[in-house]
Amino acid sequence: MKAAALLFAAYGACLQAGDIPLAERRSGYEFMGRETRAMQDDDATNPALFALMDGEALWNRKEGERSCASCHGDAAQTMKGVAARYPALAGGKPINLEQRINACRTEHQRAPAFAYESKELLALTAYVGRQSRGMPIAIEANTATRAHIEAGRALYERREGQLNLSCSQCHDDNWGRLLAGSPIPQGHATGYPIYRLEWQGMGSLERRLRNCMIGVRAEPYAYGSPEMVELELYLMWRARGMKLETPAVRP
Amino acid sequence: MARVAVTVPASAKRGEIIEIKTLAQHEMETGFRHTQTGELIPRDIITEFVCRYNGVEVFRAELRQAVAANPLIAFTTVATESGTLEFTWTGDNGYLANQKAEIKVV
């Protein structure tokens with residue numbers, strides 16, 4: 001009887017390994033090779049450097065009626081910690097940093113929004129994100145955000161696509177093992193936008209999520225869709241307290 | 001605009017081996033890819049990188065299509081005398097980038 005109970009408990013554990021304990025969370029950085037880590041660690045060899053330079057130029061350039069700097073001044077001070085709090089609620093729904101930047105452009109600068117994954121949007125997002133590097137991710141589950149975080153979690157745990165896999169099955173249950181020769185990381189969104197060597201360029205968290213969705217043969221959500229942003233919000237909450245690495249390098 | 005970045009130690013002992021790291025912003029378009037409508041995307045790469053130390057060439061690299069975007073080139077040389085290290089990248093479509101760095105040898 002005792003053995004049966006143990007067996008049942010073990011079976012239950014296999015079915016739902018559940019969340020990774022907070023203390024056992026590891027950034028994707030720790031799963032990378034020595035050379036790739038070295039590339040990220042040194043500002044002069046991190047190829048995202050050029051995106052940061054472009055982002056700084058965009059920050060100070062007048063677009064529409066004014067530049068970012070006209071209102072926000074020195075990004076090193078005013079943007080410090082901002083990226084660690086995104087996605088954040090605006091008008092009751094979560095928006096990510098890219099959407100915040102574009103909202104600022106259309107509402108305050110009176111300039112056209114940048115396209116998702118455009119060089120400009122990635123550069124500006126990386127530049128804003130850079131100001132929070134090393135700071136702990138500060139997403140709180142409170143009465144306003146909890147429903148959205150839970151919606152994101154539901155997406156994260158839901159099986160989808162022809163391969164019928166959920167995010168959780170790889171990134172909670174099988175992290176550290178190999179998928180096609182590459183280590184499966186825990187899936188913490190600590191360094192976006194990233195410079196991904198496979199892309200040979202910068203990309204956002206949404207681009208990365210779409211990669212995974214296509215990988216399991218699911219139809220990816222559109223850029224900026226509510227589902228995408230709720231998933232981002234859940235991932236950032238899941239990585240709460242971990243240090244922001246923006247702009248990170250990933251293989 | 002051709003952005004480049006170089007890392008050279010500000011000072012070194014005479015005879016010391018120093019590491020130099022360079023990074024150049026470039027798409028490194030291979031010339032093998034096609035657009036969605038089937039047209040070939042023409043090759044656009046950096047073809048050559050040269051480092052001169054007080055006018056003397058100390059390092060040269062030929063780059064081909066297999067080199068990734070934003071090539072990172074790291075190499076070593078011997079610190080012989082104080083002076084200037086000059087870096088030149090040249091490539092397709094008249095691409096040319098220059099950078100200089102000073103080194104003090106004691």
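A residue is taken as buried if 20 or more other C-beta atoms, placed from the backbone, lie within 10 Å of its own, as exposed if 12 or fewer do, and as partly exposed in between. By this criterion, buried residues make up 19% of the 106 residues in chain B. The model is a predicted one, in which local features need pLDDT of at least 70 and side-chain atom pairs count only at pLDDT 80 or more, whereas totals for chains, interfaces and linings use all residues. Residues are numbered from 1 along each chain as its sequence is written, and chains are lettered from A and ligands numbered from 1 in the order in which they are written.

The confidence of the prediction in each residue is expressed as pLDDT, on a scale from 0 to 100. Chain A has a mean pLDDT of 93, with 93% of its residues at 70 or more. Where pLDDT is low, the predicted coordinates should not be read in detail.

Helix α7(A) takes part in two helix pairs, described here by axes that are lines fitted to C-alpha atoms over the stretch in contact, with angles from 0 to 180 degrees between N-to-C directions. The axes of α3(A) and α7(A) come within 7 Å and cross at roughly 95°, and that makes α3(A) roughly perpendicular to α7(A), given that angles of 65 to 115 degrees count as roughly perpendicular, those under 35 as roughly parallel, those over 145 as roughly antiparallel and the rest as oblique. By class, this contact of α3(A) with α7(A) has nine nonpolar, one polar and five charged residues, where Ala, Val, Leu, Ile, Met, Phe, Trp, Tyr, Cys and Pro count as nonpolar, Asp, Glu, Lys and Arg as charged, and the others, Gly among them, as polar. The residues of α3(A) in this contact include Leu52(A), Leu58(A) and Trp59(A), and those of α7(A) include Leu122(A), Ala123(A) and Tyr127(A).

Helix α6 (residues 97–109) of chain A packs with α7(A) at an angle of about 110°, the axes being 10 Å apart, and α6(A) and α7(A) are therefore roughly perpendicular to each other. On the α6(A) side, Leu97(A), Glu98(A) and Ile101(A) meet Leu121(A), Leu124(A), Thr125(A), Val128(A) and Gly129(A) of α7(A), and the residues of this contact divide into five nonpolar, two polar and one charged. The buried residues of α6(A) are Leu97(A), Glu98(A), Gln99(A), Ile101(A), Asn102(A) and Arg105(A), and what covers them includes β2 (93–95) and α7 of chain A.

In helix α10 (residues 205–215) of chain A, the buried residues are Leu205(A), Glu206(A), Leu209(A) and Arg210(A). They cover an arc of only 135° around the axis, which puts them on the same side of α10(A), the arc being that of the directions from the helix axis to the C-beta atoms. These buried residues pack against α11 (226–238) of chain A.

Most residues other than glycine have a negative phi, and most peptide bonds are trans. Positive phi values are found just after α10(A), at Arg217(A) with about 60°, and just after α6(A), at Arg110(A) with about 55°. The peptide bond from Tyr192(A) to Pro193(A) is cis, with omega near -10°, and Pro193(A) lies in the loop between β4 (182–183) and β5 (194–196) of chain A. A cis peptide bond also joins Thr246(A) and Pro247(A), with omega about -5°.

Chain B contains zero helices and eight strands, and its C-alpha trace spans about 60 × 20 × 20 Å along the principal axes. Asn93(B), in the loop between β7 (83–91) and β8 (96–105) of chain B, has a positive phi of about 55° although it is not a glycine. Asp44(B), which is placed in the loop between β3 (17–24) and β4 (46–53) of chain B, is in contact with Asn93(B) as well as with Glu27(B), Glu29(B) and Asp92(B), its neighbours within four places in sequence being left aside.

Key
Helix = DSSP H or I, 4+ residues; strand = E, 2+ residues; numbered from the N terminus. Contact = placed C-beta atoms within 7 Å.
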